[in-house]
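I opened this entry to record what I looked up, step by step. The notes run from the whole chain down to single residues.

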Amino acid sequence: MKYLNASYTTRTQHTEGKNQKASMVKKPPWLEPSDMDYDLGEMCRHAVDRSQGELVDINLEYFATDKLLSYVAERSGKLKRLSIACCYGMLCDGSVEAVQKLPLLEELSLTHTDITTEGIEALGRSCPRLTSFKLNNSCYMGSGDDFGEGDFRNEEALAIAKNLPALQNLQLIGNTMTNEGLLAILDGCPHPVSLDLRLCKNVSLNEVLSSRISGQIKDVKHPGNSLKGFEFSFDTCGDEDEMSDDMSDY
């Protein structure tokens, strides 16, 4: 078993040649974990154990925790692709410790999921092969006008620019960065192939900045571009935010 896709689930298995792939069929997003008669974390651990260290791709939705991520990392040193979604507030320091055990990681996707600047720094130190990073914020931030002296809008962008120079694909849907953070990324990550800035409403692409982006990056999605086709919703925020397979049209 080399691939594991886990979400609100009923578990099915398929055999593809010599590789076994575990996939999960999603339950409705309003279903609470307490409503389920099985332990998703335990199922995931069992699947990781069965991989015998050969796991290269894992997708965790709705139930990733520090302990589970640590369990996966300790037993999956060959992991190349890690995707975590809809786990906002469920990971604290676990992501920092986990990535330090994944030197072969090439792709990391975090949607509606936290990572600290320390976590981004750890990626730079421990994952030299990382070329694809997706960090999609859990809610569409407001106008940004209420930021005072403690303006932290560019923290993530500056950490990316400083620590992840080898990135080729970067997706930052809903990020709070301003033009300052975007310029830092363009300076710090000189060889990007794709850049996704959808819902980055604090970015204002003037003529000079637009010209630089178009000359440096082949595939660019601008702040006002549609989210149609993206798997997760960004139309609400806070306790009433419900993740859905259906896309909201912008």
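What follows is my notebook on the chain, its helix pairs and a few loop and helix residues.

**Entry 1: the chain overall**

I note at the start that this is a predicted model. I counted secondary structure next: the protein chain holds seven helices and 10 strands. I then looked up burial, and 48% of the 250 residues count as buried. For contacts with a separation of 6 or more, I found that 67% join residues 24 or more positions apart.

**Entry 2**

For each helix pair I looked up two values, because packed helices are described by the angle between their axes and the distance between the axes.

I began with helix 1, residues 40-51, and helix 2, residues 66-74. Their axes are 10 Å apart, and the packing angle is about 5°. Angles under 35 degrees count as roughly parallel, so helix 1 is roughly parallel to helix 2. I listed the residues that meet. Helix 1 brings G41, C44, R45, V48 and D49. Helix 2 answers with K67, L68, Y71 and V72. I sorted the residues of this contact by type: five are nonpolar, one is polar and three are charged.

**Entry 2: helix 5 and helix 6**

Next came helix 5, residues 155-163, against helix 6. The axes come within 8 Å and cross at roughly 10°. That angle makes helix 5 roughly parallel to helix 6. From helix 5, I noted A157, L158 and A161 at the contact. From helix 6, I noted G181, A184, I185 and G188. By type, the contact has five nonpolar residues, two polar and no charged.

**Entry 3: helix 6 and helix 7**

I stayed with helix 6, residues 179-188, and turned to helix 7, residues 207-216. Their axes come within 12 Å and cross at roughly 30°. Helix 6 and helix 7 are therefore roughly parallel to each other. I also looked up the hand of this crossing, which is left-handed. On the helix 6 side, the contact uses N179, L182, L183, L186 and D187. On the helix 7 side, I wrote down L209, R212, I213 and Q216. The residues of this contact divide into five nonpolar, two polar and two charged.

**Entry 4: Q216**

I picked Q216 out of helix 7. Is Q216 buried, exposed or partly exposed? Its relative accessibility is 22%, so Q216 counts as partly exposed. I then looked for its partners beyond four places in sequence: Q216 touches L186, C189, P190 and P192. P192 is 24 residues from Q216 in sequence, yet their C-alpha atoms are 7.5 Å apart.

**Entry 5: V203**

V203 sits in the loop between strand 9, residues 194-196, and helix 7. Its relative accessible area is 8%, so I logged V203 as buried. Which residues does V203 contact, apart from neighbours within four places in sequence? I found M177, T178, N179, L182 and P223.

I moved to the loop between strand 4, residues 57-61, and helix 2, where T65 lies. At 29% relative accessibility, T65 counts as partly exposed. Setting aside neighbours within four places, T65 is in contact with M90 and L91. T65 and L91 are 26 residues apart along the chain, with 5.4 Å between their C-alpha atoms.

Y62 lies in this loop between strand 4 and helix 2 as well. I noted its backbone: phi is positive, about 80°, although Y62 is not a glycine. Most residues other than glycine have a negative phi. Y62 is buried, at 13% relative accessible area.

**Entry 6: C86**

I looked up another positive phi, that of C86, which is near 60° in a residue other than glycine. C86 lies in the loop between strand 5, residues 81-85, and helix 3, residues 94-99. With a relative accessibility of 9%, C86 counts as buried.

Note on methods. Residues are numbered from 1 along each chain as its sequence is written. This is a predicted model: local features need pLDDT of at least 70, side-chain atom pairs count only at pLDDT 80 or more; totals for chains, interfaces and linings use all residues. Side-chain values use heavy atoms; hydrogens and water are left out. Helices (H or I, at least four residues) and strands (E, at least two) are DSSP runs, numbered from the N terminus. Buried means under 20% relative accessible area, exposed over 50%, partly exposed in between (1.4 Å probe, protein chains only). Contact means heavy atoms within 4.5 Å. Axes are lines fitted to C-alpha atoms, for helices over the stretch in contact, and angles run from 0 to 180 degrees between N-to-C directions. Angles under 35 degrees count as roughly parallel, over 145 as roughly antiparallel, 65 to 115 as roughly perpendicular and the rest as oblique. A crossing is left-handed if the near helix is turned anticlockwise from the far one by less than a right angle, and right-handed if clockwise. Ala, Val, Leu, Ile, Met, Phe, Trp, Tyr, Cys and Pro count as nonpolar, Asp, Glu, Lys and Arg as charged, and the others, Gly among them, as polar.
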